[in-house]
Amino acid sequence: DDVTKDPCKPQAWAVECDYGDYRGIIRSKRDIILCCGAIATPSLLLASGIGTEDDLRTAGIAPWYEHIKCDIHNDDHAHIKHVHRNLPVGHNLRDHIVLPRVFVTPHPRNPGAKSHNSIIGWWLTRVPTSSSIDAKMQLQLADGIQMDYMIPHFAAGALRRQWVLPFALHLPLAWIQSIFVGVRAVLRLFFCIPVLSKWVKLHFASLNLCLMNPKSVGRVTVRSSKGLQSCTRLSDCKVIIDPNYLSDSCDVESLWRGWSFSSRMKQRLFKRGIEILPGYAFSAGFAACSLISSALHWMKVLLGGKLHDDHNESQFGGNVPPWFRKYAAEFSNPYYHWCGTCAMGEEEEDSTSATTRNGESVVDEHLCVRGLSNLRICDASVFPDSVSAPPALTCAALGYAASS
């Protein structure tokens, strides 16, 4: 719930925890090692007053070094403040991006399959892009074992898409959440019918396109409910996750190049199958909604409104179709391989003191939090960039290396 710092020395010495109705402090004889993941680890540090000064002020948390009351050397105090003012905790959030293609096949696929793991094949490939770095793609072939769970999720999620609502209506977030939960629950009951559930599992399949080196970067922040104070407990904070998927236009272009590559595999794997997502229905719906939106826009112009263009083709290089940009924006899913929020980096030697280079890293090569001794981080949050594979084995190797 909170990492306790020594007010006289820049070091961590205890962790405050909740035990049901009780709260206790666990003191450390040596190092405190955080391995809570790329979301919980930066959240805990920010709640403890460790992070950039601007982020902490916005969160309503006072930086921990402002409460130093001991008589320490002014130069040391200044160095502590300089390091922690530029400690980008929660920045650089990265994740892989998954874009599905769903098919209905006339003949059952894997009729004797009993496994709950739907992935039956995958390939890794590099796709050339207009940038200097090729896109690393993972193509997953999945059967319909989990489709009775996935179809209600995607169908309910489509109801929150802005392009489905006519006249550019924007529903309140609480309404959207209620509609999503309600429709998904109804569809789940529908797919509980044994005959229908069995047919879906046998005749549905998907070809998932996974971008393994996206350039888009998000953030993890917190908001305190206790006002401006130091060492706010995490239980008193609201954690805010902004993955910021597809914010970099290069990711949309990379997905489109991978999509074109997967179309060749589609012809080989699903010759007699019918693509239902995105399929012709999405393309026709997108064209109809675009036509209605254009008509409404020109009506506003005729009534004295301002002419504007919402689609900037140049930022995508002009080679990504509008329908695909919309589909990627609406149906891209997280891979939940979050990392990078306490990134590891090098240290630049200054003429007066050792400072973090441009505020780019939180830990050094020994996994130690900069400017604060006895505190290490050992999880996916220290990765400076996305690894081009599922990170489970990389995390295991990190733990093995840290133990030695």
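User: What is pLDDT, and what does the chain average?

Analyst: The pLDDT is the predictor's confidence in each residue, on a scale from 0 to 100. In this predicted model, the chain averages a pLDDT of 80, and 77% of the residues score at least 70. Local features need a pLDDT of at least 70 and side-chain atom pairs count only at 80 or more, whereas totals for chains, interfaces and linings use all residues. Residues are numbered from 1 along each chain as its sequence is written, and side-chain values use heavy atoms, with hydrogens and water left out.

User: Where in the chain is confidence lowest, and where is it highest?

Analyst: Helices (H or I, at least four residues) and strands (E, at least two) are DSSP runs, numbered from the N terminus. Confidence is lowest in strand β17 (residues 354–356), with a mean of 36, and highest in strand β18 (residues 375–377), at 95. Residues 349–358 have a pLDDT below 50; beyond near neighbours in sequence, this stretch has 15 contacts in the model, a contact being heavy atoms within 4.5 Å. Where pLDDT is low, the predicted coordinates should not be read in detail.

User: How many helices and strands does the chain have, and what share of its residues is buried?

Analyst: There are ten helices and 18 strands. Buried means under 20% relative accessible area, exposed over 50%, and partly exposed in between (1.4 Å probe, protein chains only). Of the 404 residues in the chain, 42% are buried. Among contacts with a separation of 6 or more, 72% are between residues 24 or more positions apart.

User: Why is strand β9 described as largely enclosed?

Analyst: Strand β9 (residues 135–142) is largely enclosed by the rest of the structure because seven of its eight residues are buried. Two strands pair if DSSP finds at least two bridges between them. Strand β8 (residues 119–127) pairs with β9 in the antiparallel sense over eight bridges, and Val127 has Ala135 of β9 as its bridge partner. Strand β10 (residues 204–211) is joined to β9 by six bridges, also running antiparallel; here Gln140 stands opposite Asn208 of β10.

User: Which residues make the nonpolar surface patch?

Analyst: Like charges are joined within 9 Å, and nonpolar side chains (Val, Leu, Ile, Met, Phe, Trp, Tyr) within 5 Å. Accessible areas come from the Shrake-Rupley method with a 1.4 Å probe; for residues, only the protein chains shown count as cover. Tyr19, Tyr22 and Ile26 make a nonpolar patch of about 380 Å². Tyr19 lies in strand β2 (residues 12–19) and counts as partly exposed because its relative accessibility is 47%.

Note on methods: Patches are made of residues with over 30% relative accessible area and no salt bridge: like charges are joined within 9 Å, nonpolar side chains (Val, Leu, Ile, Met, Phe, Trp, Tyr) within 5 Å. A salt bridge is a side-chain nitrogen of Lys or Arg within 4 Å of a carboxyl oxygen of Asp or Glu.
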